[in-house]
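Let's take a walk through this structure together, one piece at a time. Keep the 3D view open and find each part as we get to it.

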Amino acid sequence: MALLDVEELSVTFSRRGQRTVRAVDGVSFSVDAGQVVGLVGESGCGKSVTSLAIMGLLPRQPGLQVGGKAVFDGTDLLQLDDRSRRDIRGRDIAMIFQDPLSSLNPVIPIGLQVTEVLTRHRGLKGATAAKEAAQLLDRVGIPDPKRRLKEYPHQLSGGMRQRALIAMAVACQPRLLIADEPTTALDVTIQAQILELLKDLVRDSGTALVMITHDLGVVAGMCDTINVLYGGRVVETARRRPLFRQPRHPYTVGLLGSVPRLDAGRGERLNPIPGSVRDLLPWADGCAFAPRCTRRVDACVGEPPELVRTHDARSYRCVNPAPLPGVTPQPQPTEATGPAPAAEDEVEKA
Amino acid sequence: MTIISGKKREKIDRLAELAARDEERGVSLWQDAFRRLRRNPAAIVGAVILTIFVLVAVFGPFFVPYSPKDTMGIREGVVRVGQGLIPGHSAEHWLGYDHQGRDVFSRMVVGARQTLLVGVVATLIGLAAGAMIGGVAGAAAGLGGRWGRWVDATLMRFIDMLLALPSLLLAVSIAALLGPSLTTVMIAVGMVSVPVFARLLRGSMIAQSNSDYVLAATSLGVRKSKIALTHVLPNSLAPVIVQATLTLATAIIEAAALSYLGLGNPDSALPEWGVMLADAQQWLGIRPALAIYPAVAIIITALGFTLLGEAMREALDPKLRK
Amino acid sequence: MIRFIVRRLLQLIPTLFGLSILLFIWLRRLPGGPETAILGERGTPEMRAAIRRNLGLDEPILIQYGRFVRRLIRLDLGTSISTKREVTTEFLQRFPGTVELTVTALVIAIGIGIPLGYLAARRRGRWLDHLSVGGSLIGICIPVFFLAYILKAIFSENLGLFPSSGRQDPTLGATRITNFFVLDGLMTREWDAAADALWHLILPGMALASIPLAIIVRITRASVLEVLNEDFVRTAEAKGLTENVVRRRHVLRNAMLPVATSIGLLTGGLLSGAVLTETVFAFSGIGAFLADSISQRDYPVLMGFIMIIAVVYVLVNLIVDLSYSLIDPRVRVR
């Protein structure tokens, strides 16, 4: 059985006098113990809201509705009361956020921000907690941890801050770690170090990791399974290799096509996906990606596409998926301009 | 030639574009603010209160039933303070008489004009003097250099000095210097708000001149004086206008306080709410309504200015604008 | 830290110097003089001249100023013209009352304002929020002396719950040490005297607290709303910390920063309000005495009092700045 099973998770915000916004519209995915799972998509696709909904961290406001299930180790997190949720958060499930500077409290020292987790969930106090905190900082690669404990977030570099946040997250050896764009706010060189650190921590402790990112490079380096999100739904799920070799959903194809590649020729242009995620109810009439899709057919409009499951644990949500190599492409009713040829190149290369 | 990294060049391009669009941005800022103001119920309430107040203040005195200084109540023997007799409302005298037998309703209406006059003139005095000092200091600080810094520092020391005095003490000593009159109250109340306006304008001018779009205009080669006039000053005005609206409220309240200390206008023909309230304190035992009317009028008017000012602040706040 | 304090204190000197010149010229320009206050309108020119000579007011203004500064350096503020007592003595006797009143008002304003502002922010859009926002708007718009009168009329004259005037019941015959009546009572263990002095402070304290209370509620509410949206609060929640810890350690602590600044700025307004409140409640602080000194043209008292108040104001703001750097490690005092 999976460690975390998210089924048909939906999040809607409705405010008086305004139209209802469906940020997450039936997301399903699962995470096995010790596995690294990626949630990939461009900004606005609902990946961060998904993680916050699982953690129960969405800002409490009237008009917020969370539906579906998020079963962690047999209990549905969405049904828990506030207290039991607080017991699980930080102990069994921990989270790392995007911007390490704003995610740390600026007016209390790093040490207290680490020890408060230890005190809350492991009952450690005083010198014992401080010692353990120093060990944690050391483990995440912060030099001179005893001194750092007394320092404030503004005295640390960006990479150090993210390491400190990671130390707080792994303080109780959680079984699941959710990392929401953990490297976006960092320099490229630091990004690699942080990813390396996360990979080591996960491997050593057997913690499962949900990696939320818009950066396919991050996913390619570490995830076992990847879920591609679009407009608040998972549009394609696959293990890493098949996904990169044979993306089926046109959106995945487009995502791969918009990543700059070193082995591409100098004159070749990147292929951005035109448009952006905008709609308030993206899946209301047909496939949300259809307006931007190069493989659009008539069947795309009307009913939202069903989930298609294929062999090797892959599934996608598309009526006209990109063809597998060796299969003759069907004739396309829409003119295939823009990203499509590149996408097919990609497939052929693989 | 200096080498500019791609990222930096991109930033400059973006800024230049911003600067080019600045003209139209300036217009849409006010339009946008006005649109958001209209949607805010607090702003509507404030605006309605103020409209009524201004209409009464401007036209009311032409239509009052009695002269505000006519002591008819005493003449007719209806008001006998010694026996604790100050009649309240009746068909002829809607709000009754005051302790000198004058018609309270007429005095309230005429008082509206005086009160508005005190508030507006005092605020204008504070605004003019404060904006001049703050504007010069801000411009000097923006120009920089030894001179600029010196001018800025000197002016700000002066402002600190004014701030180091409790406002009422400042007002009282000015009032004592000039003797009790309406002008005294205006000047004294106005002086109190000078440091507020000066600091505000200077602060926002410095913030503006450090902003990205000024950097962009500078990088496009626009002259410093032109930037100051066409970009920095107009954009610094928004908080000043908001503050002026809020100051109108405090000016009316402070004028009442000065009147209470006996420094208000002694001329009974031109009553001001603050003076009326101060006079009425003595008769609280006989007829508390005499104090209630002007007090409530002052509170509601001040509330109107505060509501509108706060709503304007919200509407103009760049953090809330999207 | 020490360097910061020393520098700020040194900055005080030119400010005070300028202020004293300004006041000196200003006060001498006031129409009439102490001789008019002493003699009334009837005195002969000779008598007037004699008084002026006696007080040294016939000398050129520069010499008078020089004498003032020479005395000031020895911390001697001269003698009151009307009471014939040392200005310093007068000040030390009256200022404690004003301080007690101001501190009471500040305690009420902070004690009610911060929790109320916090609750309003947490219950945003509910009735408590609307009530406190509306109440604070009205609080700002009520003239202090009018509120003082209303409180006095209701709670003291009608309900008889509180005394209507003075600082302490004189029949208690309380011992005076510092002239802070509450403090004196505690020091001498005259508990009833301390309680009575405290009892006298409540109504004027409430009247004086209205504006600071309104301001603190508004600033706390706005600041808490802003902090609640901060990423680090989400981090704290993600750690599973109890609501209590999140609230105290992460929300309130950060939300207090702007409140601390505003408290420093409120001091000036509090002193102004104290003058009015003291007048309504016949509370013997500096308020009524200062007002009298203006009409009596008691130059030494005016100069001395205003200068000391300016110093106090600057010191309060210095303390606020210092405490600010204690709450916010990012602010380094230099």
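Start with strands β11 and β12 (residues 314-316) of chain A, which run antiparallel and are joined by 3 bridges. One of the pairs to look for is T310(A) with R314(A), its bridge partner in β12(A). Strands of a sheet pair through backbone hydrogen bonds, and they can do so parallel or antiparallel. To count as paired here, two strands need at least two bridges found by DSSP. The names come from DSSP runs too: helices are H or I runs of at least four residues, strands are E runs of at least two, and both are numbered from the N terminus.

Before we go on, a word on what you're looking at: this is a predicted model, where local features need pLDDT of at least 70 and side-chain atom pairs count only at pLDDT 80 or more, while totals for chains, interfaces and linings use all residues. Residues are numbered from 1 along each chain as its sequence is written, and chains are lettered from A and ligands numbered from 1 in the order in which they are written.

Now zoom out to the sheet in chain A: it is open, has 8 strands in the order β6-β7-β8-β3-β9-β10-β12-β11, and its pairing is mixed. Which strands stand at the edges? They are β6 (93-96) and β11 (308-310) of chain A; each has a single partner strand, so one side of each is left without a neighbour in the sheet. On average, neighbouring strands are turned by 20° against each other, direction ignored.

Two helices to find next are packed on this sheet. Helix α7 (residues 158-170) of chain A touches β6 and β7 (176-180) of chain A, and its direction makes about 175° with that of β6(A). Helix α11 (residues 250-257) of chain A touches β9 (225-230) and β10 (233-239) of chain A, at about 100° to the direction of β9(A). For angles like these, axes are lines fitted to C-alpha atoms (for helices, over the stretch in contact), and the angle between N-to-C directions runs from 0 to 180 degrees. Touching means being in contact: two residues are in contact if their C-beta atoms, placed from the backbone, lie within 7 Å.

Follow the chain from α7(A) towards β7(A) and you'll pass Q173(A) in the loop between them. Q173(A) has a positive phi of about 45° although it is not a glycine.

As a whole, chain A has 12 helices and 12 strands, and buried residues make up 45% of its 350 residues. Chain A also meets chain C, with 25 residues of chain A in contact with 20 residues of chain C. On the chain A side, α4(A) gives the most, with 4 residues. By class, that side has 12 nonpolar, 6 polar and 7 charged residues. Here Ala, Val, Leu, Ile, Met, Phe, Trp, Tyr, Cys and Pro count as nonpolar, Asp, Glu, Lys and Arg as charged, and the others, Gly among them, as polar.

Over in chain C, helix α5 (residues 87-122) packs against α12(C) at about 125°, with the axes 8 Å apart. The two helices are therefore oblique to each other (under 35 degrees counts as roughly parallel, over 145 as roughly antiparallel, 65 to 115 as roughly perpendicular, and the rest as oblique). R94(C), F95(C) and T98(C) in α5(C) meet I286(C), G287(C) and F289(C) in α12(C).

The loop between α11 (243-280) and α12 (286-296) of chain C holds A282(C), a residue other than glycine with a positive phi near 45°. A282(C) counts as exposed, with 12 C-beta neighbours inside 10 Å. By contrast, M256(C), found in helix α11 of chain C, is buried, with 22 other C-beta atoms within 10 Å.

Finish in chain B, where helix α9 (residues 212-219) and helix α10 (residues 224-260) pack at about 150°, their axes 11 Å apart. That makes α9(B) roughly antiparallel to α10(B).

How values were computed:
Buried ≥ 20, exposed ≤ 12 C-beta atoms within 10 Å, placed from the backbone.
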